[in-house]
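Dear colleague,

I am passing on the structure below, and I would be grateful if you could look through it with the notes that follow beside you. They begin with the overall layout and then turn to individual residues.

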Amino acid sequence: MKRRVTIWDLDETLVNINHRLSHILCNNPDWHAFHALTHRDTVYPHALLLYNALLTFGITPVICTSRPEVNRLATEAWLQAKGIRGYLTIKMRADTDHRSS
C-alpha cells in the first residue's frame, strides 16, 4: 500500500514568525537573531486544525523548512511542545546552504 503524504512548509504556513521578520527584512539581516527567536513562534490555529484533520484520514505530513540543520533539535522540541506530531520527517536546509529561499 502506498503512503499518502502532505507537504507542509513550516514558517508562515504552519508557524507564525512575524515577530522576528524585522531581523531579516532590513539592510543588514541578522540571521542569528532571527533564528534565536524561534522559541517565540506561534502556530496558526487554522493550519494546525487542517494538519490534524489530515492525520486522522491517514495522510502523513512531511515538513519542509529553510531553517538550517543546526536548528533541528530546537525545531523538533518546539513542534512537540506545540502538539505538532505524526510527521514522517522534517527536511531542513544544510548549514552551508545560504541561498535565498
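This is a predicted model: local features need pLDDT of at least 70, side-chain atom pairs count only at pLDDT 80 or more; totals for chains, interfaces and linings use all residues.

**Fold and overall layout**

Residues are numbered from 1 along each chain as its sequence is written, and side-chain values use heavy atoms, with hydrogens and water left out.

The predictor's confidence in each residue, pLDDT, runs from 0 to 100; its mean over the protein chain is 93, and 98% of the residues reach 70 or more.

Along its principal axes, the C-alpha trace of the protein chain spans about 50 × 25 × 20 Å. The accessible surface of the chain comes to about 6500 Å², of which 58% belongs to carbon and sulfur atoms; accessible areas come from the Shrake-Rupley method with a 1.4 Å probe, and for residues only the protein chains shown count as cover. Of the 101 residues, 40% count as buried, where buried means under 20% relative accessible area, exposed over 50%, and partly exposed in between (1.4 Å probe, protein chains only). Taking contact to mean heavy atoms within 4.5 Å, residues 24 or more positions apart account for 72% of the contacts in the chain with a separation of 6 or more.

**Salt bridges**

With a salt bridge defined as a side-chain nitrogen of Lys or Arg within 4 Å of a carboxyl oxygen of Asp or Glu, the count comes to 6. Among the residues involved, D11, R20, D41 and R67 are linked in a network of salt bridges. R20 forms a salt bridge with D11, with the closest N and O atoms 3.6 Å apart, and both of these residues are buried. R20 also forms a salt bridge with D41, where the closest N and O atoms are 2.8 Å apart. Because R20 lies in the loop between β2 and α1 and D41 in the loop between α1 and β3 (42-43), this pair ties together parts that are 21 residues apart in sequence. The relative accessible area is 0% for R20 and 1% for D41.

D41 is in turn bridged by R67, with the closest N and O atoms 3.0 Å apart. R67 lies in strand β4 (residues 60-68) and D41 in the loop between α1 and β3, so the pair ties together parts that are 26 residues apart in sequence. R67 is buried, as is D41.

T60 lies in strand β4 and counts as buried at 14% relative accessibility. Not counting residues up to four places away in sequence, T60 touches R3, R4, V5, T6, G86, Y87 and L88.

I24 lies in the loop between β2 and α1 and is buried, with a relative accessible area of 16%. Leaving aside neighbours within four places in sequence, I24 is in contact with P29, D30, W31 and F34, whereas the C-alpha atoms of I24 and V43, 19 residues apart along the chain, are separated by 20 Å.

R72 belongs to helix α3 (residues 72-81), and a polar contact of 2.4 Å joins its side chain to that of E69. A polar contact here is a pair of N or O atoms within 3.5 Å; within protein, one must be able to donate a hydrogen and the other to accept it, and residues adjacent in sequence count only if both atoms are side-chain atoms. Beyond neighbours within four places in sequence, R72 is in contact with I90 and M92.

Finally, a search of the whole structure finds 0 disulfides, a disulfide being a pair of cysteine sulfur atoms within 2.5 Å. C26 is partly exposed, with a relative accessible area of 36%, and C64 is partly exposed at 27%.

Terms used. Helices (H or I, at least four residues) and strands (E, at least two) are DSSP runs, numbered from the N terminus.
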